[in-house]
Amino acid sequence: MTSFAPDSIVLNRKLPLWYQVSQSLRASILGRAPQDPLRLPTEEQLAGHYGVSVLTMRQALKELEEEGLITRHRRRGTFIEPSAQRGSPVRLLGSVDAIVAQQSGMTTELLDQGSTTPSGELAEYFPDLTEVATYHRLRGDERTGEPTNHARNYVRPELAERIDCGDLLRWPMTKVLRDVVGVAIARITDTVEARIADPETARLLQVPLLSPILHYTGVTYDESGRVLDVAVIHYRGDRFSFTVTLDAH
């Protein structure tokens with residue numbers, strides 16, 4: 001029987017390995033294509049794929065099992081739950097794969113794409129550019145079809161030339177830039193604040209005007225400190241929460 005092929009990951013030795021592996025595998029599961037197999041490779045095969053011990057792999061799989069993304073059957077193997085949905089909030093420990101996992105596993109509609117002249121705060125992120133590429137997407141619950149967030153991405157034009165919009169219907173921009181375009185992402189700075197829904201957001205997310213929403217801004221940098229992408233996302237306040245865990249060591 002053919003097994004599901006998860007994405008690869010470059011491990012950061014400063015973060016718990018089981019956590020990084022669980023988030024990478026989680027993103028792969030939530031971003032899988034409908035025709036992908038549901039059976040996962042064995043613990044030993046997955047451990048070899050990620051370059052970790054079987055014990056570490058077992059801990060990562062336990063995390064996903066507790067969330068309901070996979071089921072494990074003695075002698076039969078480990079399987080992806082076909083109707084698996086994001087249950088609990090993602091714990092962010094500084095991993096890019098956690099950001100990818102947070103944004104994966106939803107239906108996505110590309111509302112429009114084009115370009116704009118950076119102004120205001122956007123101009124501060126792109127001081128060397130007179131134009132940036134823009135993508136506006138609406139995401140919804142895969143099971144109910146209910147809209148959950150709408151996102152605008154502002155991307156350097158030389159990177160946008162290498163982006164296939166079909167990939168943006170399947171994966172978050174962070175994953176497309178890193179794994180498809182091949183950009184080396186050094187860090188992502190996230191800001192989350194409470195706001196009220198403006199007319200456009202209320203219409204797209206099907207909530208009353210002035211409803212509480214979560215306003216997220218994610219700025220992606222390369223190793224030279226240059227901004228690659230600015231993501232501005234409006235989340236329905238009744239559907240999302242963010243948990244950040246700070247390691248004291």
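This report describes selected features of a predicted model, from its sheet and hairpins to its helices, cores and single residues.

## The six-stranded sheet

Six strands form an open sheet in the order β4-β5-β6-β9-β8-β7, and their pairing is antiparallel. The edges are β4 (107–116) and β7 (185–196), each of which pairs on one side only. Neighbouring strands of the sheet are turned against each other by 15 degrees on average, with direction ignored.

Strand β6 covers residues 147–155, and eight of its nine residues are buried. Strand β5 (residues 132–140) runs antiparallel to β6 and is joined to it by eight bridges. Within this pair, L138 has H150 of β6 as its bridge partner, and G140 stands opposite P147 of β6. Strand β6 also pairs with strand β9 (residues 227–236), in the antiparallel sense and over seven bridges. Here the bridge partner of R152 is V232 in β9.

## Two hairpins

The hairpin of β5 and β6 has six residues between its strands, and G145 in this hairpin takes a positive phi near 80 degrees.

Another hairpin is made by β1 and β2. Strand β1 (residues 70–73) pairs with strand β2 (residues 77–80) through four bridges, again in the antiparallel sense. One of the pairings sets R72 against T78 in β2. Three residues lie between these strands, and R75 in the hairpin has a positive phi near 75 degrees.

Which residues of helix α2 (residues 43–50) are buried? They are E43, L46, A47 and Y50. When the helix is viewed down its axis, the buried residues fall within an arc of 100 degrees, so they line one face of α2. On the other side of α2, E44 and G48 are exposed.

The buried residues of α2 are covered by elements that include α1 (17–30), α3 (54–67) and β1. Just after the helix, G51 takes a positive phi of about 75 degrees.

In soluble globular proteins, nonpolar side chains tend to be buried together. In this model, the largest nonpolar core has 19 residues, and L25, Y50 and M57 are those with the most contacts inside it. Helices α1, α2 and α3 each supply at least two residues of this core. Y50 also belongs to the buried residues of α2 described above.

What does L25 touch, when residues up to four places away in sequence are not counted? Its contacts are P6, L40, Y50, M57, L61 and L64. Apart from this core lies another one, of 15 residues, among them L159, M173, L177 and L228.

## K175 and D179 in helix α8

Both K175 and D179 are placed in helix α8, which spans residues 173–181. Is K175 buried or exposed? Its relative accessible area is 4%, so K175 is buried, as the limit for a buried residue is under 20%. The side chain of K175 makes a polar contact of 2.2 Å with the side chain of D7.

D179 has a relative accessible area of 37% and is therefore partly exposed, since this value lies between the limits for buried (under 20%) and exposed (over 50%). Its side chain is joined to that of R178 by a polar contact of 2.8 Å. D179 and S8 are 171 residues apart along the chain, while their C-alpha atoms are separated by 9.1 Å.

## Two residues in the loop between α9 and β8

The loop between α9 (199–205) and β8 (212–222) contains Q206, and L210 lies in the loop between α9 and β8 as well. Q206 is not a glycine, yet it has a positive phi of about 60 degrees. L210 is not a glycine either, and its phi is positive at about 75 degrees.

Are these residues buried or exposed? Q206 has a relative accessibility of 60% and so counts as exposed. L210, at 54% relative accessibility, also counts as exposed, because the limit for an exposed residue is over 50%.

Note on methods
Residues are numbered from 1 along each chain as its sequence is written. This is a predicted model: local features need pLDDT of at least 70, side-chain atom pairs count only at pLDDT 80 or more; totals for chains, interfaces and linings use all residues. Side-chain values use heavy atoms; hydrogens and water are left out. Buried means under 20% relative accessible area, exposed over 50%, partly exposed in between (1.4 Å probe, protein chains only). A polar contact is a pair of N or O atoms within 3.5 Å; within protein, one must be able to donate a hydrogen and the other to accept it, and residues adjacent in sequence count only if both atoms are side-chain atoms. Two strands pair if DSSP finds at least two bridges between them. The arc is that of the directions from the helix axis to the C-beta atoms. Contact means heavy atoms within 4.5 Å. A nonpolar core is a set of buried Ala, Val, Leu, Ile, Met, Phe, Trp, Tyr and Cys residues joined through side-chain atoms within 4.5 Å. Axes are lines fitted to C-alpha atoms, for helices over the stretch in contact, and angles run from 0 to 180 degrees between N-to-C directions.
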